[in-house]
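Dear colleague,

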Amino acid sequence: MIARNANAKGSRTTMPTYLAFGDSNTHGTKPVPEEEELSPSFARWPYGTRWSSIAHNALADDWMLAEEGLPGRTTRFSDPIMGAHMDGQTGLKIALMTHAPVALISIMLGTNDVKARLGAQPDDIAAGICSLIDILRDPELVARAGEPQLLLIAPPPVQVTGIRAAEWLGSAEKSRALAPLFEQIAGAYNVEFLDAGQIISVAPGEGIHFTEDSHRALGQAVGAKLAQMAGRC
């Protein structure tokens, strides 16, 4: 975990934790140049550029940041190529117990769920988001990790382009359907919501990941939300 100023602990006896839970766009994976897509370099934007670190800067100095971005992670699906550990439900349980107690959490998932090989429809993905929120409220996990305030983030729609387009056939339409569904879920569960697609878009020509400018814009928007939520902690 990362603290911007480890000596500035304020009046709290325990430094509160913000957990950023997501996939490669929370990990900070750089857009992959087309000539590298068949053998990607897995380059990552540095701390300070990644949106989660920018969002963290909006919180008081005594807040810790836990970055839990796994490239390929889904809301609830095992990936037949990348493995069973891509199921976000298992990952969320591990992350909550690892970083307990957690005061704030953002979840931005759904991009990998629309891959052609998974065959998931928007309603299936929305059900996965509901399952993640149910995990946050599971009594046994709450007893150990607390019940963090949640910011649910709908990822920007993907673009089917480049040398990996076949992997994402039919994905653009499905990913555009996610934000309205996620917003309904946020209302039903009474959690905060942000539509990243209203703030940024994916890198043109690559279609999945975020540019440096997009990380900055999203980080600032998420930070503003988190600062409001932190006042209620």
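**Packing around helix α4**

The axes of α4 and helix α7 (residues 178-189) come within 10 Å and cross at roughly 30°; axes are lines fitted to C-alpha atoms, for helices over the stretch in contact, with angles from 0 to 180 degrees between N-to-C directions. Helices are DSSP runs (H or I, at least four residues) and strands likewise (E, at least two), numbered from the N terminus. That makes α4 roughly parallel to α7 (angles under 35 degrees). This is a predicted model, in which local features need pLDDT of at least 70 and side-chain atom pairs count only at pLDDT 80 or more, while totals for chains, interfaces and linings use all residues. Residues are numbered from 1 along each chain as its sequence is written, and side-chain values use heavy atoms, with hydrogens and water left out.

In α4, P122, D123, I125, A126, I129, C130, I133 and D134 meet L178, L181, F182, I185 and Y189 of α7 (contact: heavy atoms within 4.5 Å). By class, this contact has 11 nonpolar, no polar and 2 charged residues (nonpolar: Ala, Val, Leu, Ile, Met, Phe, Trp, Tyr, Cys and Pro; charged: Asp, Glu, Lys and Arg; polar: the others, Gly among them).

The axes of helix α3 (residues 88-99) and helix α4 (residues 122-136) also come within 10 Å, crossing at roughly 25°. That makes α3 roughly parallel to α4. G88, Q89, L92, K93 and L96 of α3 make the contact with S131, L132, I135 and L136 of α4; these residues comprise 5 nonpolar, 3 polar and 1 charged.

Yours sincerely

Key: Parallel < 35°, antiparallel > 145°, perpendicular 65-115°, else oblique.
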